[in-house]
Amino acid sequence: MSGHSKWHNIQKTKGAADAKRAQAFTKIAREMIVAVKEGGSGDPRANSKLAAVITKAKAANMPNDNIKRTIEKALGSGNTDNFEKITYEGYGPSGIAVIIETMTDNRNRTAGEVRHLFDKYGGQMGVANCVSWSFDRKGVIVIDNEDEELDEDTVMMDALDSGAADFEPDEGCFTVYTAEDDITAVADALTAKGYTLDSAEVEMLPQNGYITLTDPDQIKNMQKMLDLLEDNDDVQNIWHNWEGADE
């Protein structure tokens, strides 16, 4: 799974601006509301979808009060939020595979905006499953090791003991892979062992690795397209197989 550190391109790192952090919390809250409605419960023990979103929220340092208020809002009889999950797929410059997960209250608006960005920056929006067939859904947990104080063998053993399926050291962090349904249990176990998690969520990982672009214009267009998609309030997650994304 070498190269997966490139998934960081849409994550909020420690030095992120307050506006970016607020935007991240807003998107997580929207995801939490949908998880409560779909799962029919505000109790993460009875709602695996909600449990996974709470794990993601905690790894993003979303305050517990925010999490509690969001769940209470979702359960409230006066809550009129009506978001639906829609996934768009397509190709960026040079055929880079792109998957865009959205939550929207206006599918026509969101589809138009996503299509516009594909077209403007040299890509093409495709049909359902045109690229997702070549990705796998896995739990991905990133453990902070910015100060390089953690022992690789110890972290690996702790991760495997916690139920991880795979482990990969990287610069400034360790990446732990799990089955999709195991991410909450593994993340909780690692947190209980004292590890600081940079992120923890279910990801779409390319089966055949990552592609490097060499043309400067294609690189510029690909990065600009991803940046503008990230800034779109309806876009929850972006997965792709480009190795050159900024972290």
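Predicted model: local features only at pLDDT ≥ 70, side-chain atom pairs only at ≥ 80, totals over all residues.

Colleague: Which strand is joined to β6 by five bridges?

Modeller: That is strand β5, residues 166-170, and the two run antiparallel. They form a hairpin with two residues between them. In the turn, Gly-172 has a positive phi of about 80°.

Colleague: And how many bridges does β6 have with β4?

Modeller: Strand β4, residues 135-144, pairs with β6 over six bridges, in the antiparallel sense. Asp-144, for example, has Cys-173 in β6 as its bridge partner.

Colleague: Is β6 mostly covered or mostly open?

Modeller: Mostly covered: six of the six residues in 173-178 are buried.

Colleague: Which residues lie on each face?

Modeller: In a regular strand, side chains alternate between the two faces of the sheet. In β6, Cys-173, Thr-175 and Tyr-177 are on one side, while Phe-174, Val-176 and Thr-178 are on the other. Both faces are covered.

Colleague: Changing topic, where is Thr-196?

Modeller: Thr-196 lies in the loop between α6 (183-192) and β7 (197-206).

Colleague: What does Thr-196 touch?

Modeller: Leaving aside residues up to four places away in sequence, Thr-196 touches Val-142, Ile-143 and Asp-144. Its C-alpha atom is also separated by 8.5 Å from that of Asn-145, 51 residues apart along the chain.

Methods
Residues numbered from 1 in each chain as written. Heavy atoms only, no water. Buried < 20%, exposed > 50% of the residue type's maximum accessible area, 1.4 Å probe, protein only. Helix = DSSP H or I, 4+ residues; strand = E, 2+ residues; numbered from the N terminus. Pairing = 2+ DSSP bridges. Contact = heavy atoms within 4.5 Å.
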